[in-house]
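Here's a quick briefing to read alongside the model. Keep the structure open and look up each spot as you go.

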Amino acid sequence: MTHHTKLDQPYLSLCSSSLHLQAPLARARSEQGRRGAAGGDYFCKEMGENGVPRHCYPAAAAAAAMEVTSMELGHTAGSKCYDDDGRLKRTGTMWTASAHIITAVIGSGVLSLAWAIAQLGWVAGPAVMLLFSFVTYYTSALLADCYRSGDECTGKRNYTYMDAVNANLSGIKVQICGFLQYANIIGVAIGYTIAASISMLAIKKANCFHVEGHGDPCSISSTPYMIIFGVAEIFFSQIPDFDQISWLSILAAVMSFTYSTIGLGLGIVQVVANKGVQGSLTGISVGVVTPIDKVWRSLQAFGDIAFAYSYSLILIEIQDTIRAPPPSESKVMRRATIVSVAVTTLFYMLCGCMGYAAFGDAAPGNLLTGFGFYEPFWLLDVANAAIVVHLVGAYQVYCQPLFAFVEKWAQQRWPKSKYITGEVDVPLSLSGSAGRCYKMNLFRLTWRTAFVVATTVVSMLLPFFNDVVGLLGALGFWPLTVYFPVEMYIVQKKVPRWSTRWVCLQLLSLACLIITVASAAGSVAGIISDLKVYKPFVTTY
């Protein structure tokens, strides 16, 4: 096995069907038009001391070299392989951006919507869902305007959410945003571990009920399933740039639509079997729960709905796939947001409302694992297996930014450490003969493994799906979906302080802050209530 550092490897990029070094071509373009000191048209590759140019070539020769390079890339002189920032030409459209958003939004959050509507009732439940969809659309439109700093067509691009924050805000706000973003990622990792283990447990219980009968308690601990999920994530976390694997988004979309559609279908069948719609205008009644529990559960329902709509953190990344103007990326993204939020809201309404119509006040916290449905057991198994497959990939996609941040920081802090920057070639063939090797970085191995182990242990201590989802939705909604997009938009568009628009934006932010605090309080109250009867590593379901 050989050791080498990552920094020594050449950077390759793909343009058309051939691999070429991108940096030399980019340098050649940036140097076009430069004149040498000796007179005439020259391209000067480097500047020596005191500004004296060296390595200068006649313009005709340099142009010919660039033309040859262009021909090697398979393009004519008039075609463009790169965008204005030197990166490969983006090809995304409104429809591809809409598909990315729908893939990102429709996830495990849909499974708790029937329970959320059951707490609020037929009037407030759908109304709150529409409210969150409107706020999500509006703040997403504000955030889309922050993709470019300055002019919406020619301004400097911001490639990530944090890039946009850095470009428009400063000081403590940037640090707070970074902390909240990475804290949200940790929370999502915990929530996904809980959701995946519950789905694996549900497969086991569905088969048990089918064999032993619905009267059998079939009590099973979720701890072994969390360990199984954790081991799988340790393995997948060692794959560098897992979030760049193209098939992952497609697989996640197929899986999320599979289990969501099965849940919707089973809800419709149950409504037909009941020969009517269950539920009430005001939701679960006082008497079934205490008045204070009614308040806490209603507030927690706000958090569950907010979690189902959270995708602001990846909006800028999705916008960065849209092809260059005209029209501007922000205009295309606004149209994509309208389409995706409308489709998502319709789908959520169908799933949430059908689940409530099927079970009324008894709607389970997780539509596919709460065992409102028992048969057909094999269909429940398919749905829960789809949830697990989706969450295995989604866990990695969400955690990659945190992994990359810590590893980049470590490389900058200890650039000469072999443990941090060195890699070991591990042969993938059992024979050990020359062939494909996996480049294992020891720091990546230990850091990512420790992260997965830590989130798995926390999940074992707090395996409460609804409470954790509500808390995550509440904590991420106001700061990341509302506050920072509003503040960035005000700076970007130079909105005058105390103007009508400024006051309206601040009132929107304040109202959402109140909702966030109330939702978080409801979720914390739910967790405290559950902990009174839960014994870690002992309690079964």
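What follows is a short tour, from the whole chain down to single residues.

The chain has 541 residues, and 47% of them count as buried. Its fold is built with 16 helices and 9 strands.

**The chain as a whole**

- Take the contacts with a separation of 6 or more: 76% of them come from residues 24 or more positions apart.

**How confident is the prediction?**

- The mean pLDDT of the chain is 77, with 79% of residues reaching 70 or more.

**Salt bridges**

- How many salt bridges does the structure hold? The count is 6, and a few of them are picked out below.
- Aspartate 320 pairs with arginine 90, and their closest N and O atoms are 3.1 Å apart.
- Aspartate 320 sits in the loop between helix 10 (315–319) and helix 11 (329–359), while arginine 90 is in the loop between helix 2 (59–72) and helix 3 (94–105), so this pair ties together parts that are 230 residues apart in sequence.
- Both aspartate 320 and arginine 90 are buried.
- Next up is arginine 334 with aspartate 145, where the closest N and O atoms are 2.5 Å apart.
- This pair also links distant parts of the chain: arginine 334 is in helix 11, and aspartate 145 is in the loop between helix 4 (113–144) and strand 6 (148–149), 189 residues apart.
- Are these two partners buried or exposed? Arginine 334 has 22% relative accessibility, so it counts as partly exposed, whereas aspartate 145 has 14% and so counts as buried.
- The side chains of lysine 173 and glutamate 487 form a salt bridge too, at 3.4 Å from N to O.
- Lysine 173 belongs to helix 6 (residues 172–212) and glutamate 487 to helix 15 (residues 465–492), so the pair ties together parts that are 314 residues apart in sequence.
- Lysine 173 counts as partly exposed because its relative accessibility is 29%, while glutamate 487 is buried because its relative accessible area is 12%.
- There's also a network: salt bridges that share partners join Arg148, Arg157 and Glu329.

**A buried asparagine**

- Go to helix 12 (residues 377–413) and you'll find asparagine 384.
- Asparagine 384 has a relative accessible area of 1%, so it is buried.
- Which residues does asparagine 384 touch, leaving out those up to four places away in sequence? The answer is Ser199, Ala202, Ile203, Leu368 and Thr369.

- Ile292, Val295 and Trp296 make a nonpolar surface patch of about 260 Å².
- One of the three, isoleucine 292, is found in helix 9 (residues 291–308).
- Isoleucine 292 has a relative accessibility of 48%, so it counts as partly exposed.

Technical notes. Residues are numbered from 1 along each chain as its sequence is written. This is a predicted model: local features need pLDDT of at least 70, side-chain atom pairs count only at pLDDT 80 or more; totals for chains, interfaces and linings use all residues. Side-chain values use heavy atoms; hydrogens and water are left out. Helices (H or I, at least four residues) and strands (E, at least two) are DSSP runs, numbered from the N terminus. Buried means under 20% relative accessible area, exposed over 50%, partly exposed in between (1.4 Å probe, protein chains only). Contact means heavy atoms within 4.5 Å. A salt bridge is a side-chain nitrogen of Lys or Arg within 4 Å of a carboxyl oxygen of Asp or Glu. pLDDT is the predictor's confidence in each residue, from 0 to 100. Patches are made of residues with over 30% relative accessible area and no salt bridge: like charges are joined within 9 Å, nonpolar side chains (Val, Leu, Ile, Met, Phe, Trp, Tyr) within 5 Å. Accessible areas come from the Shrake-Rupley method with a 1.4 Å probe; for residues, only the protein chains shown count as cover.
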